[in-house]
Amino acid sequence: MKSFSVDVIIIGAGSAGLAAAVEVKKANLDVLILERDKELGGITLQCIHNGFGLKEFEEELTGPEYVQRFINQVHELKIPFLLNTMVIEITKSKRIYAVNKEQGLIEINSKAIILAMGCRERTRGAINIPGFRPAGIFTAGQAQRFVNIEGYMPGNTYVILGSGDIGMIMARRLTWEGCKVKAVVEILPYVSGLLRNQVQCLEDYDIPLITNYTVTKIHGRDRIVGVTISKVDRNFDRIIGSEKFIECDTLLLSVGLIPENELTYQAGAELSNNGGPLVDNNLETTIEGIFACGNVLQVHDLVDMVTAEAKRAGKNAIDYIQNRHGRELKEPEYVKCAPGENVNYIKPDRINMQNLSEKIIFTLRARYPDRRILVQLKDQNNNVIYKKKKVYVIPSEMVEIELEPKDLPLDSLKTIEIEIIPRPEVLIEED
Amino acid sequence: MQDKDQQITFEGYTCKRGLEYAQQEFYEPKRILTTTMRVENGFLPLVPIRTDKPILRDKLNEAMKVIAEKKIKAPVKMGQILIKNVLNTDANVIASRDLGRV
């Protein structure tokens, strides 16, 4: 078995992994990227629509253009990478086992690891649609890959379940390619993707958006021939008698994404309630020297945010190698951060109180939409230690809060709870 | 803002760009077209492409047809012009990424 050592291993060559690799390489550390696909770039490559890069580059790019800029940097900086290489195990001592066709099983020792494996799509199994298992049922991202990269068309007439951005963008893409999209069906009372996509992908092409409905039966044995959709009540239970049949030969599912953390979990790192690893404010998992960034940590709204997070993970990995690796340091003290009212999850899950100098970036998602709200942090005694007004929150838009360490009562702080609550009347009158 | 000839009013915008966008959206909406083009001898069968500026929404379909008829030879470089001044829209169709040979 081939065995060697590097300073930093990056798992995944998507937008997160590439940005992290570039950051680490700039500090002259020895870095290696491992990628299971046959080329660098990850999922951003199949997102051929525009709307990327407004934050990172202040211009509007397509997905491939965005990620090409990072691929070019990888080549310019001569960062080594292995393609067609599948990581099969990560150990606590930061050793990695991977396989590829040329080298077989390889063992790589490292000082730090950056996890950048991205996320997976939820499938039919995750939402339990009854019926047979005919051909013609795809996740939206899977169809996107077929159409945009491989050059295959999955079907002719479509129903799309879920009004997330990928679903709406695929509705337009398929229409442009001459297919018929019969409807986009959404279980919630509102669109779950961006307004821009509702206008430019659905309304531009008169594609019906059916809210408060979900697919309750799949028809067809060999190939799907249609779906039954049913109206749902407030508990998402189907309303008997509301069923409608829609003929189609393909069903696309755009019903959410889950961070892909089999390797993380098996390495012994703790996961938190959003499916991503439990991390501190340095994006370090519960295993010292293993960091996480991008959609493997939390599913982001925009690739620009992935890049920003990946750069932070890269910087923190450099800092770890230069200042902490191989040293006997005392166990750091942590302040736990927990989601409170109307907060689905919060990152980081805890704050490392040792050498706290950089600003702390909290990212969270609401459970349900609300208007005229306060995002507030409370300490262990329920005292409000920080609050910020916001006009609205919706689950599909991540909330970001930046705090300087001096803004927090560091000496007395034990835990933080974050909640999103309606503003008290007094505050509303002030606006 | 009051449109003198047609008595159409634009309201609710908070900046000049917003007004311009609303007017453009109302009178003749434009979109950047992003799709793929067939590639010969490419590392992949398709290369993602885009128009380098927005074109009239009403011309998207026609542009799709022009693009569908064309096949280019690898290698392709990001930004490379693949169709000049497509349908006299003043926009070029350019490659969205590098694509090597097989």
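Predicted model: local features only at pLDDT ≥ 70, side-chain atom pairs only at ≥ 80, totals over all residues.
**View 1. Strands β22 and β29 of chain A in a parallel pairing.** Strand β22 (residues 334–339) of chain A and strand β29 (residues 415–422) of chain A are joined in the parallel sense over 4 bridges. Within this pairing, the residue that Lys336(A) faces in β29(A) is Thr415(A).

**View 2. The open sheet of 5 strands in chain A.** The strands follow the order β24-β22-β29-β26-β27 (chain A), and their pairing is mixed. At the edges stand β24 (350–352) and β27 (384–393) of chain A, each of which has a single partner strand, so one side of each is left without a neighbour in the sheet. On average, and with direction ignored, neighbouring strands of this sheet are turned by 20° against each other.

**View 3. Strand β2 of chain A and its parallel partner β3.** In a regular strand the side chains alternate between the two faces of the sheet. In β2(A), Val8(A) and Ile10(A) point one way while Ile9(A) and Ile11(A) point the other way, and all are buried. Strand β3 (residues 31–34) of chain A pairs with β2(A) in the parallel sense over 4 bridges, and Ile33(A) in β3(A) is the bridge partner of Ile10(A).

**View 4. Helix α8 of chain A and the elements packed against its buried residues.** Helix α8 (residues 303–323) of chain A, with 21 residues, reaches 30 Å from its first C-alpha to its last, which is close to the 30 Å expected at 1.5 Å a residue. The buried residues of α8(A) include Val303(A), Val306(A), Ala310(A), Ala313(A), Ile318(A) and Ile321(A), and among them are also Glu309(A), Arg312(A) and Asn316(A). The buried residues of this helix pack against β2 (8–11), α1 (15–26), β4 (50–52), α2 (63–76), β10 (112–115) and β21 (290–292) of chain A.

**View 5. The surroundings of Leu209 in chain A.** Leu209(A) is placed in strand β15 (residues 209–211) of chain A. Because a residue needs 20 or more other C-beta atoms within 10 Å of its own to be buried, Leu209(A), with 18 C-beta neighbours inside 10 Å, counts as partly exposed. When its neighbours within four places in sequence are left aside, Leu209(A) is in contact with Ser163(A), Val184(A), Glu186(A), Val191(A) and Leu202(A). Between the C-alpha atoms of Leu209(A) and Glu309(A), which are 100 residues apart along the chain, the separation is 34 Å.

**View 6. Helix α1 of chain B.** For the 12 residues of helix α1 (residues 16–27) of chain B, a span of 16 Å should result at 1.5 Å a residue, and the end C-alpha atoms are 17 Å apart, which agrees. The number of buried residues among the 12 of α1(B) is 0, so this helix lies largely in the open.

**View 7. The contact between chains A and B.** Chain B contributes 17 residues to the contact and chain A contributes 14 residues. On the side of chain B that touches chain A, β2 (34–40), β3 (46–51) and α2 (60–68) of chain B each supply at least two residues. The residues on that side of chain B divide into 8 nonpolar, 4 polar and 5 charged.

Methods:
Residues numbered from 1 in each chain as written. Chains lettered and ligands numbered in written order. Contact = placed C-beta atoms within 7 Å. Nonpolar A, V, L, I, M, F, W, Y, C, P; charged D, E, K, R; others polar. Expected span 1.5 Å × (residues − 1). Pairing = 2+ DSSP bridges. Axes fitted to C-alpha atoms, helices over the stretch in contact; angles between N-to-C directions.
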